Amino acid sequence: MTTYKSVIRLRMSAHDAHYGGNLVDGARMLQLFGDVATELLIQRDGDEGLFKAYDMVEFMAPVYAGDYIEAVGEIVAEGNTSRKMKFEARKIIAPRPDICDSAADVLAEPVVVCRATGTCVTPKNCQRK
């Protein structure tokens, strides 16, 4: 089986903050995983496909506005139309408001903030590869 992988990096904004203290809603990580899944399906099938279900979601650390998140995923198993995937979101840069409003640190070790597994489907008539 060919290995298909995807990486998305972006900064969480004040718009992403949903709770007090600039805490970002965990659902935002799932939205990133959905984007990663779409890229994986395009690589594999030439089609965006559909996200069918998450089998497991584990929130492991808080995410705040200003954090840079790297969302990664890969296809780990395939059926005729189904694609089993695993995902991980990692904090790679964190703001340092204790120093000044624009200070930030690249983390020596990324902090895993969320993991998930799920299944996507690309209908046979939409598969081009």
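Which residues of the largest nonpolar core touch the most other members? In this predicted model, local features need pLDDT of at least 70 and side-chain atom pairs count only at pLDDT 80 or more, while totals for chains, interfaces and linings use all residues. Residues are numbered from 1 along each chain as its sequence is written, and side-chain values use heavy atoms, with hydrogens and water left out.

The core has 22 residues, of which M29, I69 and M85 touch the most other members. A nonpolar core is a set of buried Ala, Val, Leu, Ile, Met, Phe, Trp, Tyr and Cys residues joined through side-chain atoms within 4.5 Å; buried means under 20% relative accessible area, exposed over 50%, and partly exposed in between (1.4 Å probe, protein chains only). Two or more residues each come from α1 (27-45), β5 (68-78), β6 (82-95) and β7 (104-121), and α1 gives the largest share, 7 residues. Helices (H or I, at least four residues) and strands (E, at least two) are DSSP runs numbered from the N terminus.

Beyond its neighbours within four places in sequence, M85 is in contact (heavy atoms within 4.5 Å) with residues including L40, V76 and C120. C120 is itself buried, at a relative accessible area of 1%. Its sulfur lies 14 Å from the closest cysteine sulfur, in C126, and is therefore too far for a bond. With a disulfide taken as a pair of cysteine sulfur atoms within 2.5 Å, the count is 0.

S6, in strand β1 (residues 5-11), is buried at 2% relative accessible area. Outside four places in sequence, its contacts include V36, E39 and L40.
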